[in-house]
Amino acid sequence: MELPTRHFFRGDDGYEQARARTVWNARTPERYPDLVAQAADVDDVVAAVRYAAAHDLQIGIRSGGHSWAGNHIRDGGVLLDVHGLDRCEVDAEAGTAVVGPGVGGSVLAGRLWEQDLFFPAGHCKGVCIGGYLLQGGYGWNSRVLGPACESVLGLDVVTADGEQIYIDGENHADLYWAARGSGPGFFAVVTAFHLKLHRRPRVCGSSLYVYPIELAEQIYPWARSISAEVDRRVEFQMVASRAVPGAGLDSPGIVMASPVFADTEQEAIDALALLETCPVRDRALVAVPYAPTDLETWYAGVMSNYPDGYRYATDNIWTSASADELMPGITRILETMPPHPAHFLWLNWGPSPQRQDMAYSMEDEVYLALYGVWRDAADDEKYGDWARSNMAAMEPLQTGIQLADENLGRRPAPFATPEAMARLDRVRAEYDPQGRFHSWMGRA
Ligand SMILES: Cc1cc2nc3c(=O)[nH]c(=O)nc-3n(C[C@H](O)[C@H](O)[C@H](O)COP(=O)(O)OP(=O)(O)OC[C@H]3O[C@@H](n4cnc5c(N)ncnc54)[C@H](O)[C@@H]3O)c2cc1C
């Protein structure tokens, strides 16, 4: 059985470089596949999958390598790197695109923007659509457009026995159902996504408020009290950290930077007006109720929280708990938070509309996520468990978790309804009876 031209067995020159380059997090997992295979095209993918089947090896797949946990890097088996599958064909007239898994969401968004088109790509540069779309996809304007996987019309995949098939609502409908929400536990290799595109909103803007962290006890309960009323065109989010260099603040602060998407500036201003009702509004260090913006500015702002070359450990919960229930956990998070750029994200999400029938089946009103971020490996012990331990302490308040910021290997938690999990197991047994593809970490 032939392998892709570029492959490295453990012990080969180039193996460690090929393994390490598959993870963006500087904390490269201490897990070692037998073989790293780099696919340049679909034939390479087929070859790698058939080789793995012939040698009874399991497969981990990498597109952009932005899984915080490095989910694709496992001990033994094949690490199949499909980052090179980066076609991007846009049919502006039809409002569709065919895009390879190795294409960065920001790259896709940028190309569409120029053509007055839009896709709910993720909020950060570097994240590729391969992992992003499989797990759901919380992107620009996703409160209106839905998690991005709802805009996946179909997929080209290579199955566990090395067959190339196209899947959608009519063809292999069960596998299509699974591909939209199973994330790092999907059991086929995606070689292309067929996407529905959207019209670019006429007005894109943002509000920006920065508050000192001492006001947390007023701010979070207020945010919870308005959460159901926030206009769906507004992504209301708060990031707390020990410093806000962008605003010249070297003490702890809470940044509310909320993108808005509308047809007119007045609509955008009106949609954001609720954020002016914060009871400590007069103590804001920065207050910009509305400013027009564009993709590049947004990406630059977000990326200041996710610098390259740092070590990351994340965890998260969905919740609909009350402010009274949440505040003890939030206070503990803020008190124990490591130095900037570590941060705590509060994202106002629900109440959500009825979703399509797909494996993605768990969400709630509020999303809380912790991002432990530090530079020095010597601090792994000091900061490595901050995210997990604080989310574990709030477990009684969690409905479940998002796969985007999963830490399942360290803290197993539900990410789909029990019915969806049972169906995922059934579909996996049908399409991958030998368990060729790794399951979610933390789950046998
Ligand atoms: C800095 C940063 C910012 C982020 N921002 C957002 C955000 O705004 N919204 C959001 O929803 N998420 C966000 N995420 C989470 C991100 O979407 C997920 O980690 C996603 O899985 C990354 O996709 P990837 O292809 O880059 O990663 P990878 O690590 O390559 O993929 C993750 C997993 O998906 C599976 N997989 C990947 N490609 C394939 C394929 N071709 N076929 C089959 N299985 C595959 C594998 O199991 C793999 O382990 C962010 C992550 C980071 C690091």
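Colleague: Which atom of tyrosine 132 lies 3.4 Å from an oxygen atom of the ligand, backbone or side-chain?

Modeller: A backbone N or O atom. Bear in mind that this is a predicted model. A polar contact here is a pair of N or O atoms within 3.5 Å, so tyrosine 132 counts. Serine 63 also uses a backbone N or O atom, 2.6 Å from a ligand oxygen. Asparagine 71 uses a polar side-chain atom, 2.8 Å from a ligand oxygen.

Colleague: How much of the ligand does the protein bury?

Modeller: Taken alone, the ligand exposes 950 Å². The protein buries 95% of that.

Colleague: Which elements give two or more residues to the shell around the ligand?

Modeller: Strand S3 (59-62), helix H4 (129-135) and S10. H4 gives the most, with 5 residues. In total, 31 residues surround the ligand. Among the closest are His123 and Tyr138.

Colleague: Now the sheet. In what order do its strands run?

Modeller: Two strands pair if DSSP finds at least two bridges between them. Here 5 strands form an open sheet, S5-S6-S10-S8-S9, with antiparallel pairing. S5 (88-91) and S9 (164-168) stand at the edges, each with a single partner, so one side of each lacks a neighbour in the sheet. On average, neighbouring strands are turned by 15° against each other, direction ignored.

Colleague: How many bridges join S8 and S9?

Modeller: S8 (residues 152-158) and S9 pair over 5 bridges. Valine 158 stands opposite glutamine 164 in S9.

Colleague: Which helix packs on the sheet?

Modeller: Helix H3 (residues 105-114). H3 touches S5, S6 (96-99) and S10 (189-196). The direction of H3 makes about 30° with that of S5.

Notes
Residues numbered from 1 in each chain as written. Predicted model: local features only at pLDDT ≥ 70, side-chain atom pairs only at ≥ 80, totals over all residues. Heavy atoms only, no water. Helix = DSSP H or I, 4+ residues; strand = E, 2+ residues; numbered from the N terminus. Axes fitted to C-alpha atoms, helices over the stretch in contact; angles between N-to-C directions. Contact = heavy atoms within 4.5 Å. Near = heavy atom within 4 Å. Polar contact = N/O pair within 3.5 Å; in protein donor to acceptor, adjacent residues only side chain to side chain. Areas by Shrake-Rupley, 256 points an atom, 1.4 Å probe, with all protein chains shown as cover.
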